[in-house]
Amino acid sequence: MGIAASRTAEKAASVRPVSVVDGVYNNIYERLMSLEIAPRARIPIDVIARDLNVSQTPVREALSRLEREGLVLKEHLIGYSAAPQLTRKQFDDLYTFRLLLEPEGARLAAQNMTPDALKLLEEAAADMGHGAPPVDRTSRYSRFARADAYFHDAILKVAGNDVIQSTLFNQHVHLHIFRLMFHTRVTQEALEEHENLLAAFRAGDAGAAETAMREHILRSRDRLLSAFE
């Protein structure tokens with residue numbers, strides 16, 4: 001085998017496992033977000049591997065990524081299981097936490113906004129509403145949760161306060177709150193509230209951005225409260 005062919009083979013070998021892991025990760029992630037895999041349910045590695053027709057190695061890697069996001073738990077001698085849902089107290093604490101930080105982040109973002117940053121936010125918002133057609137409703141909802149997390153994180157990056165941005169990012173807030181309720185109302189109303197935020201950013205109005213973010217978080221909290229009824 002020539003050097004060029006050898007390098008091509010090495011590159012293919014290095015890319016293929018990553019794509020397999022991503023595919024396994026996405027499959028389990030969507031099943032967790034749609035509650036097809038119920039909270040606290042065990043996730044046997046061998047069963048997932050057979051279902052997806054892959055070896056156990058990419059399943060382990062995917063579950064390790066999901067563990068870092070807090071969506072699955074690993075217990076010694078037991079293995080992996082889906083994380084429990086947020087309790088009502090955890091939910092209330094999380095939204096109190098968001099209300100303390102994100103409105104201020106939006107205010108700072110409006111002050112620091114540039115044409116390039118605004119374009120990035122507008123593209124992220126457009127992707128949530130009009131992105132490439134997902135396979136089904138489960139994929140659509142799961143993708144929206146991830147895109148919503150990206151949109152909010154992008155705002156905080158523009159804000160320029162690394163402590164606020166990293167603290168919220170590491171909590172994986174949006175993945176956990178979207179997992180509470182599999183419902184299209186959650187996504188449609190959020191899109192409208194995101195547009196209010198973008199309008200404030202376009203106008204460079206820091207006060208309006210702060211208010212729009214606070215209103216968005218309060219409405220998000222109200223939408224998801226029914227998960228505890």
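**Exposed loops, a buried core and paired rings**

Visitor: Is Arg40 buried or exposed?

Guide: The relative accessible area of Arg40 is 63%. With a 1.4 Å probe and protein chains only, under 20% counts as buried, over 50% as exposed and the range in between as partly exposed, so Arg40 is exposed.

Visitor: What kind of model is this?

Guide: Residues are numbered from 1 along each chain as its sequence is written, and side-chain values use heavy atoms, leaving out hydrogens and water. Local features need pLDDT of at least 70 and side-chain atom pairs count only at pLDDT 80 or more, while totals for chains, interfaces and linings use all residues, for this is a predicted model.

Visitor: Where is Arg40 placed?

Guide: Arg40 has a phi near 75°, a positive value in a residue other than glycine. Helices (DSSP runs of H or I, at least four residues) and strands (runs of E, at least two) are numbered from the N terminus, and by that numbering Arg40 is in the loop between α1 (3-33) and α2 (45-52).

Visitor: With which side chain does the side chain of Gln165 make a polar contact?

Guide: Gln165 is found in helix α7 (residues 162-171) and is buried at a relative accessible area of 15%. A polar contact is a pair of N or O atoms within 3.5 Å; within protein, one must be able to donate a hydrogen and the other to accept it, and residues adjacent in sequence count only if both atoms are side-chain atoms. At 2.5 Å, the partner of the Gln165 side chain is that of Asp153.

Visitor: Why is the pair of Tyr25 and Tyr29 called stacked rather than tilted?

Guide: Rings of Phe, Tyr and Trp (its six-membered ring) pair if their centres lie within 6.5 Å, and planes under 30 degrees apart count as stacked, over 60 as edge-to-face and the rest as tilted. The count comes to four aromatic pairs. The ring centres of Tyr25 and Tyr29 are 6.0 Å apart and their planes lie at 0°, so the pair is stacked.
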